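Let's take a walk through this one together. Have the viewer open and follow along, section by section.

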Amino acid sequence: MSNPYKGLADFQFWRRAVSTLDYHAFDPVVNPKFQVSKSDCVATAGSCFAQHLARRLASMGFNYYVPESGEELVGDERVARGFGVFSARYGNIYTTRQLLQLFDEAFSTRITHEQAWLRSDGRYIDPFRPNIEPTGFKSAEAMNAERGRHLKYVKQVFLNADVFVYTLGLTESWMNRVSGDVFPLAPGVVGGSYNEKDYVFKNFSVTEVSADLKLFLQKLKKVNHNVKVLLTVSPVPLIATYEMRHVAVATCYSKSVLRVAAEMAATEFDWVDYFPSYEIITGNFNLGKYYADDLREIHSNGVSHVMRCFMRHYAEDHYKNITRYNFNTKVSPNLVSQPICDEESIAKTAF
Amino acid sequence: MVTKKDVIQCYQSLLNRDPESEATILAQMNHQDLNSLKREILASAEYQYKIQTSEGGQIVTKTALEPPSTPPPRTEKHPAITPCVSRPENPKWLVIGNCQTTGLVNSLTILSPDVDVEGCDVWQLSKDREYWNDKIASYQHLIVISDCRESEIVDFRRYKNITWFPSFIFQAFHPDMCYVNCPDGIFKSPMDEYNSCLIFAAYQSNLSIQETSQLFNDDVYRGVGFYDFWEYEKKSLIERFDECDLDIRASLVHWVRSGCFMHSMNHPKINTVYDIARLITQKIRKKNAESPIRPHDNLTVGPIYPIYPEIADQFGLKDGSYLFKPMGSYKQMDLKAFIEGSFQAYQHYEKHELTIYPLYEKTYNRIMTYI
């Protein structure tokens with residue numbers, strides 16, 4: 001009797017790859033498409049989870065590419081103002097539409113129309129990265145000037161990255177009805193003012209997310225022939241949904257769409273790979289151990305598991321063979337710190 | 001001030017038995033005075049149980065110590081509850097083991113309520129060899145640690161009714177642990193017989209306390225192979241149980257999922273001990289009484305060695321720490337205090353008098369080469 005499953009690899013069987021495995025040894029990465037060398041410029045963008053990856057890549061000695069680094073600022077101010085969180089100071093890029101919009105704006109192929117949002121304290125904020133400047137801008141002009149500077153760095157990221165790591169975060173978004181501009185946060189949450197005439201809630205479909213992602217990837221490749229892209233899906237559940245359904249159901253929809261879009265892109269382009277950090281964090285094999293007490297934030301032990309798999313498959317030669325300890329070695333700093341997430345503002349202000 | 005003798009006499013007089021282990025004696029010596037110790041024993045479930053089930057409400061004492069000054073109040077038995085008491089017809093089992101004896105006895109008692117299970121640790125066995133040699137024949141079943149197979153104290157070849165179990169050693173969570181030999185036997189650090197291989201190697205290499213504390217980091221652990229213990233330790237543990245015809249593979253999956261299942265390299269947590277007891281019961285009787293109850297974890301009285309945060313991280317665990325819990329106390333030491341305490345203790349001997357225990361030579365040599 002022939003059986004098509006006979007002789008398949010261990011990782012293709014649940015019992016061998018999950019049930020009987022020590023949970024820290026769970027490794028869903030199979031046949032990575034490329035390697036990340038220490039000299040490769042690695043850029044990151046995406047949701048809150050991407051910040052964890054960015055921080056670990058930087059601490060592990062990768063060439064983490066941060067052209068907009070704010071290196072002239074002191075530590076706390078630098079972090080508070082969103083420098084170094086990602087490769088450029090774009091804050092969270094949750095949706096693929098937002099990513100595409102940013103690319104187009106950086107390369108001047110599309111103009112965003114939304115003007116600076118006024119905050120209740122009389123300061124102005126950037127609608128496309130509303131939490132990036134905690135004290136806000138003194139005027140709309142000041143915000144626009146700063147945005148102009150920022151976009152030059154964004155362009156550098158897209159032009160120079162050897163590896164672009166993007167974490168798809170959400171499908172739910174808010175959009176300007178006329179211009180089609182999309183925002184990481186609804187107007188009115190931390191600035192601006194919501195009205196039904198100008199703004200509309202948008203929950204992107206799998207067709208839309210996939211099309212936006214494909215278009216972005218094609219445009220990126222056109223300006224940066226050498227780039228490779230590693231896609232991940234954020235395992236962080238929605239903090240809130242605007243859909244009239246349970247937040248867990250909305251989360252499942254959103255993550256499913258993002259996962260399918262990532263799969264479609266990785267299938268279509270041989271320079272795009274999907275890295276299964278979502279499966280590592282959300283997999284039932286770990287009995288929820290990789291979530292913090294709120295069952296939403298990701299605990300650092302989960303990020304460590306993700307990075308172990310990443311190192312094993314994408315950077316195998318990373319750990320050089322050290323034969324003698326150097327007492328002058330700088331010990332890696334504590335990696336446990338909270339990501340800066342625009343989405344958090346919804347929960348903080350929705351009472 | 002409570003002495004060791006006080007503790008033993010109190011146990012014999014009130015509970016009609018010896019303390020279960022040296023760890024128990026040490027813990028009980030922490031009582032401020034004898035009355036405090038007596039009060040604890042008089043309030044214990046064991047005493048309450050024994051006084052209710054013994055003839056005339058009094059436990060027959062071995063020695064004529066003064067009777068308890070304040071007898072505990074007698075409680076009325078609920079008529080609907082038939083207490084599960086020891087019956088003459090109950091089979092009797094004896095567990096002969098190491099530090100895990102108490103946990104095994106209690107677990108086996110839960111799993112087999114119609115069996116009277118008693119324990120004798122290997123130290124008691126060697127101390128009272130004549131007594132035990134006479135008594136062992138009265139048990140229907142012996143559950144014996146496999147280290148005693150070739151024992152000179154008891155000739156176990158005479159008995160057919162034995163279930164063997166191995167020492168539980170698993171070092172992957174605690175790859176830095178070791179024993180050190182000194183002219184007086186096993187060297188005692190602030191963590192009792194447990195030493196840190198890194199600290200000992202650093203001391204022998206004339207490193208300062210500051211330099212020694214610097215060694216506790218990811219680079220060093222990776223360099224000296226602390227992250228490479230898992231597969232070997234797992235394989236060895238499974239093989240040792242296989243040799244005793246006990247298959248722990250399915251249990252091990254659960255232990256690993258539950259997190260760190262060891263207090264130290266040779267002290268398993270009580271849930272692990274219970275699962276071993278379940279395997280033993282199944283093997284002897286092909287059945288056990290499933291219960292959600294687990295006995296108290298007596299080994300928490302002993303030293304508890306932390307899983308260093310970097311090592312915990314490798315195993316997806318959240319409970320990494322550099323806090324060392326010493327024997328008989330819950331006052332934990334931080335890493336600096338442990339290093340300082342170890343260095344001070346090592347200074348009681350000449351350096352050449354201190355040697356690594358052979359089992360840990362490989363790790364020690366790797367550290368010595370690395371630093």
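What follows is a short tour of a predicted model, going from chain A to chain B.

## The sheet in chain A

Start with the open sheet in chain A: four strands, in the order 1-4-8-9, with parallel pairing. Strand 1 (42–46) and strand 9 (272–274) of chain A sit at the edges; each has a single partner strand, so one side of each is left with no neighbour in the sheet. Going from one strand to the next, the twist averages 20°.

Now look at how strand 1 of chain A meets strand 4 (residues 163–168) of chain A: the two pair in the parallel sense over five bridges.

## A closer look at A:Leu231

Is A:Leu231 buried or exposed? It counts as buried, because it has 23 C-beta neighbours inside 10 Å, and 20 or more are enough for that label. A:Leu231 has its place in strand 8 of chain A.

Leaving out residues up to four places away in sequence, A:Leu231 touches A:Tyr166, A:Leu168, A:Ala262, A:Ala265, A:Ala266, A:Val272, A:Tyr274 and A:Phe275. A:Ser69, on the other hand, is 162 residues from A:Leu231 in sequence and 23 Å from it in space, C-alpha to C-alpha.

## Two helices that cross in chain A

Next, find helix 4 (residues 96–106) and helix 5 (residues 140–160) of chain A. They pack at an angle of about 105°, and their axes are 9 Å apart. Helix 4 and helix 5 of chain A are therefore roughly perpendicular to each other.

Which residues make the contact? From helix 4 of chain A come A:Leu102, A:Phe103, A:Glu105 and A:Ala106. From helix 5 of chain A come A:Leu151, A:Val154, A:Lys155 and A:Phe158.

## Chain B in outline

Over in chain B there are 16 helices and 11 strands. The chain is divided into domain 1 (4–57), domain 2 (92–165 + 266–300) and domain 3 (177–227 + 305–370). The C-alpha centres of domain 1 and domain 2 of chain B are 22 Å apart.

Of the 371 residues in chain B, 35% are buried. Take the contacts in chain B between residues at least 6 apart in sequence: 67% of them join residues at least 24 apart.

## The nonpolar cores

The largest nonpolar core has 76 residues, and B:Val95 and B:Leu108 have the most contacts inside it. Domain 2 and domain 3 of chain B each supply at least three residues to this core. Setting aside neighbours within four places in sequence, B:Val95 is in contact with B:Thr101, B:Leu104, B:Val105, B:Leu108, B:Val117, B:Gly119 and B:Ile143.

A second, separate core has 69 residues, including A:Tyr94, A:Val229, A:Leu258 and A:Ala265.

## Last stop: B:His267

B:His267 lies in strand 10 (residues 267–268) of chain B. With 27 C-beta neighbours inside 10 Å, B:His267 counts as buried. Beyond its neighbours within four places in sequence, B:His267 is in contact with B:Cys99, B:Met262, B:Leu299 and B:Gly302.

B:Ser167 is 100 residues from B:His267 in sequence, and the two are 9.5 Å apart in space, C-alpha to C-alpha.

Definitions and conventions
Residues numbered from 1 in each chain as written. Chains lettered and ligands numbered in written order. Predicted model: local features only at pLDDT ≥ 70, side-chain atom pairs only at ≥ 80, totals over all residues. Pairing = 2+ DSSP bridges. Axes fitted to C-alpha atoms, helices over the stretch in contact; angles between N-to-C directions. Core = buried A, V, L, I, M, F, W, Y, C linked by C-beta atoms within 7 Å. Buried ≥ 20, exposed ≤ 12 C-beta atoms within 10 Å, placed from the backbone. Domains from an automatic or database assignment. Contact = placed C-beta atoms within 7 Å. Parallel < 35°, antiparallel > 145°, perpendicular 65-115°, else oblique.
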